[in-house]
Amino acid sequence: MESNERRVTYLNAGHTVKSWLLTVDHKRICILYMISITVMFVIGGLMASAIRAELLTPAGDLLSSDTYNKAFTLHGIVMVFFFLIPSIPATMGNFLIPLMIGAKDVAFPKINLLSWYVYLTGATIALVATATGGLDTGWTLYTPYSTAYATTNVVLPATGIFITGFSSILTGFNFIVTIHKMRAPGLTWFRLPLFIWAMYATSLVMVLGTPVVAITILMAILDRCGFGIFDPTAGGDPVLFQHLFWFYSHPAVYIMILPAMGVISEIIPAFTRKKIFGYGFIAASSLAIAIIGFLVWGHHLFTTTQSMYAAVVFSVLTFAVAVPSAVKTFNWAATLYKGSVSFESPMIFALGFMGLFLIGGLTGLFLAILGLDMHVQDTYFVVAHFHYIMVGGAIMGYMGGLHYWWPKISGRIYPELPAKAAALLIFVGFNGTFFPQFIAGYLGMPRRYHYYPPEYQVLNVLSTMGAGILAVGYMLPFFYFMWSLRHGEEAGKNPWGVLGLEWTLDSPPHPHNFHETPIITSEPYDYPEMAREFGEHAGHGTVEAAHV
Amino acid sequence: MFLQLSLFPPQASTNAAEVDLIYVMMVLLCGAVAFAVIAAMIYMGIKYRRTPENLVGADIHGSTALEIVWSIIPFFIVMGIFAWGTSLYFKLEIPPANSMEIFVTGKQWMWKIQHMNGRREINNLHVPIGRPVKLTMASEDVIHSFYVPAFRVKADVVPGRYATMWFEATQTGTFHLFCAEYCGTEHSRMIGSVTVMDAADYEAWLTTGNPSPVEIAAGTAGPASGSAGGASVVQGAAGAAASPVQAGAALFQEKACATCHITTPGGIGPILVGVPGSEVELASGDKVLADDAYLRESILTPLAKVVKGYPPAMPTFGGQLTEEQVMSLIAYIKSLGTSQSAQAHQ
């Protein structure tokens, strides 16, 4: 087997800055995105640290109120728009979709590169806005505060978000066409890996939903310049903004979670050496979540007490959207039954995801209950719920995927022990940070408070302590991944010994991925077939079994 | 420290216990589900761990029967929870017909409260125990939210419309009041309290008049004068501030409403006696309920709904009246006579 030094890979085919900044290779674009979103994650994380440090004491003694309000606004904007929404799609989606379907690249490689520049432009504008005064409206930009009362930069960061939205739209569009038109011969829809189904559903949401928030932001910018769309003194309706904003932003949470679910659907069969339980139902549930997800936005408006009957409709639909997520969770768990379960770090992240996503998803049901939401809306109960899904779910999924495919992406093996430690620290630190917030929320502590009554301090101290542990857990991977680039063992084609088209290729892959177009003849995760053809020991240190 | 950590705010309203009950049931149910799934995963992870005897998983594709079972059962369970939650919601949202009204105005960054006898307060709402209280709320600027954890209710106060919220207190004492919708720099400061008093104490408190200079200086109450619009407080008997009805009566004359809205037929505008709570027919042919929101809209944007048989001649008072002044006008109009049958909808 040729060692990486002599083989041409996508990483060493061209060392100039130009070959990177003008690349049209989907794998290099993954790396470009990975670096950018990591920078944004650090910024968002610093904001979170400022928030949790301030909330250690009931008094507002670390930051001024204005600074605190800017910190939580920036935390939300950076984490949602500039980290979570691109995270898995722009990195692992970009890298893996062509590999998993047997293609040389995505359908529109130049548009792929354009999407990264669009992302960078929006992110830069948002950061410039931060440096020149910041924004204090909350990431939700509610009117009329944002359009008529805020004295901070509204137009600039709003413009940054508007522009970055197009990066999402271009990526989603690219993926939809790629999945439809570029599958290798024999790769029918029901032979696709579940990660592809997840990315397909995500792309539908990206393409259909993002334009709505783009126009909404444009309308808010117009209002900021004197129009009265959302201004009650001009006959406008502030709640209209909320409807338009959440029409996208609720499906946006599915943009964030569906890819993570796709990652879990790949990791679990790999580390149980078993077909995933209920493939068809998992694929269908991704689409069901994407569709029903467009019909529930009103649950963010329950306390605006507009129409009780509309609230009832949104409540029942919100309960309905929980069912496909429950189905997925049961299917993943059932895959363990009579499997051959191993506990390498990607699997630890996947199992961590399941525990945290369970709690996050179940607490969503609490919020769907109209009679209960009147009490807990706008409290820390909501904050805890969405962090369980977005951090406990989506980021665990991102980390799990990063660990699982790191050998393929980098050609190197990372050290396993620090990785397990990171997974455990993240799991413990995460629960420590956010579980007390459920309690604080039910006790009535409102969100977005710079200072709070003293009886909430104990819970806040617990939360901040958890955040400290969580921060260490997030910092560790940076160090051992960087270490692995220089000192890690070379990965070989299939270090995990698992099935999947991507594992038949060199690590890192050749710029053109496949030397010959593969022909697919079997369903994914067909471990029983692998065992029949190559014997039970197949996949343990051998490469032939990766593609039956 | 930990022994003092409670999990629930005080149950201080008639609905609080049911809200807590649905919460506890959910914690038990979801806890049981989460425990079952996690326990099953731990059990299976250990039992089916990879060993030299167990290198590959069994050839199991799925089970349609199981999929149907674990879709249908959760579906019915969540629909049951939905039904209970919705019935509780209707109880929380629809005030009883005999509710006592209090006006609340939210503005950056304080709550201004006015009782129907004119007694005013800032950030501290006094209410009697055992009587349903309905708050009619307006915002002077951005969206706020009036939240009393002990009563388990909140309502977003959106500028440009009224928000209503009701409760019946079941415990005397002082409870937190929070603004629960981010509203700018001092959002965290827009807090106060709800003080529940025995009926007799409340009556006594109501008639002690507006706060003295001593109270103002001590910061226990705010100024007795009106809000940003420079409205003066009309003095009623014995130095107490005017009730909303009295203030509204004075405004009705001062703003010349009486010129068109006379009490006999033939005026340029409709007779207002008996209008609140009745069904009004508009020039478009539609019929609308003359609730508080309709009355407010008719004052601020009169051309939005023109009453059938009358010319679209009423000038707008938008920008000329504060929310408190509008509330007082509505209180005055109601004092002329309301339609009984529609009281419950108000």
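In β10 of chain B, B:Ser193 is the bridge partner of B:Asn124. That pair belongs to a predicted model, in which local features need pLDDT of at least 70, side-chain atom pairs count only at pLDDT 80 or more, and totals for chains, interfaces and linings use all residues. Residues are numbered from 1 along each chain as its sequence is written, while chains are lettered from A and ligands numbered from 1 in the order in which they are written. Helices (H or I, at least four residues) and strands (E, at least two) are DSSP runs, numbered from the N terminus. Two strands pair if DSSP finds at least two bridges between them.

**Strand β10 of chain B and its partners**

- Strand β4 (residues 124–128) of chain B runs parallel to β10(B), and five bridges join them.
- Strand β9 (residues 173–179) of chain B also pairs with β10(B), over five bridges, but in the antiparallel sense.
- Across that pairing, B:Thr174 stands opposite B:Thr195, and B:Gly173 stands opposite B:Val196.
- β9(B) is mostly covered, with five of its seven residues buried. A residue is buried if 20 or more other C-beta atoms lie within 10 Å of its own, exposed if 12 or fewer, and partly exposed in between; C-beta atoms are placed from the backbone.
- Strand β6 (residues 144–148) of chain B is joined to β9(B) by two bridges, and the two run antiparallel. Here B:Tyr147 stands opposite B:Phe178.

**The five-stranded sheet of chain B**

- An open sheet is formed by five strands of chain B, in the order β3-β2-β1-β5-β8, with mixed pairing.
- β3 (120–122) and β8 (163–168) of chain B stand at the edges with a single partner strand each, so one side of each is left without a neighbour in the sheet.
- From one strand to the next, the twist averages 25°. Axes are lines fitted to C-alpha atoms, for helices over the stretch in contact, and angles run from 0 to 180 degrees between N-to-C directions.
- β1(B) and β5(B) run parallel and are joined by seven bridges. In β5(B), B:Ala138 is the bridge partner of B:Thr105.

**Chain B as a whole**

- Chain B has eight helices and 12 strands.
- Of its 346 residues, 37% count as buried.
- Two residues are in contact if their C-beta atoms, placed from the backbone, lie within 7 Å. Among contacts in chain B between residues at least 6 apart in sequence, 67% join residues at least 24 apart.
- Chain B is divided into domain 1 (1–49 + 94–228) and domain 2 (244–345). These bounds come from an automatic or database domain assignment.
- Between the domains of chain B, 14 residues of domain 1 are in contact with 12 residues of domain 2.
- β1 (100–107) and β5 (132–139) of chain B each supply at least two residues of the side of domain 1 that touches domain 2.
- That side of domain 1 of chain B has six nonpolar, six polar and two charged residues. Ala, Val, Leu, Ile, Met, Phe, Trp, Tyr, Cys and Pro count as nonpolar, Asp, Glu, Lys and Arg as charged, and the others, Gly among them, as polar.

**Where chains A and B meet**

- The contact involves 75 residues of chain A and 72 residues of chain B.
- Helix α11 (residues 308–335) gives the largest share of chain A's side, 12 residues.
- The side of chain A that touches chain B has 46 nonpolar, 21 polar and eight charged residues.

**Two spots in chain A**

- A:Ala384 is found in helix α14 (residues 380–410) of chain A. A:Ala384 counts as buried because it has 26 C-beta neighbours inside 10 Å.
- Leaving aside neighbours within four places in sequence, A:Ala384 is in contact with A:Phe434, A:Gln437, A:Phe438 and A:Gly441.
- A:Ala384 and A:Gly441 are 57 residues apart in sequence, and their C-alpha atoms are 8.3 Å apart in space.
- In helix α17 (residues 527–534) of chain A, the residues A:Tyr527, A:Met530 and A:Ala531 are buried. Seen down the axis of α17(A), its buried residues fall within an arc of 100°, so they line one face of the helix. The arc is that of the directions from the helix axis to the C-beta atoms.
- Just after α17(A), A:Gly535 takes a positive phi of about 90°.
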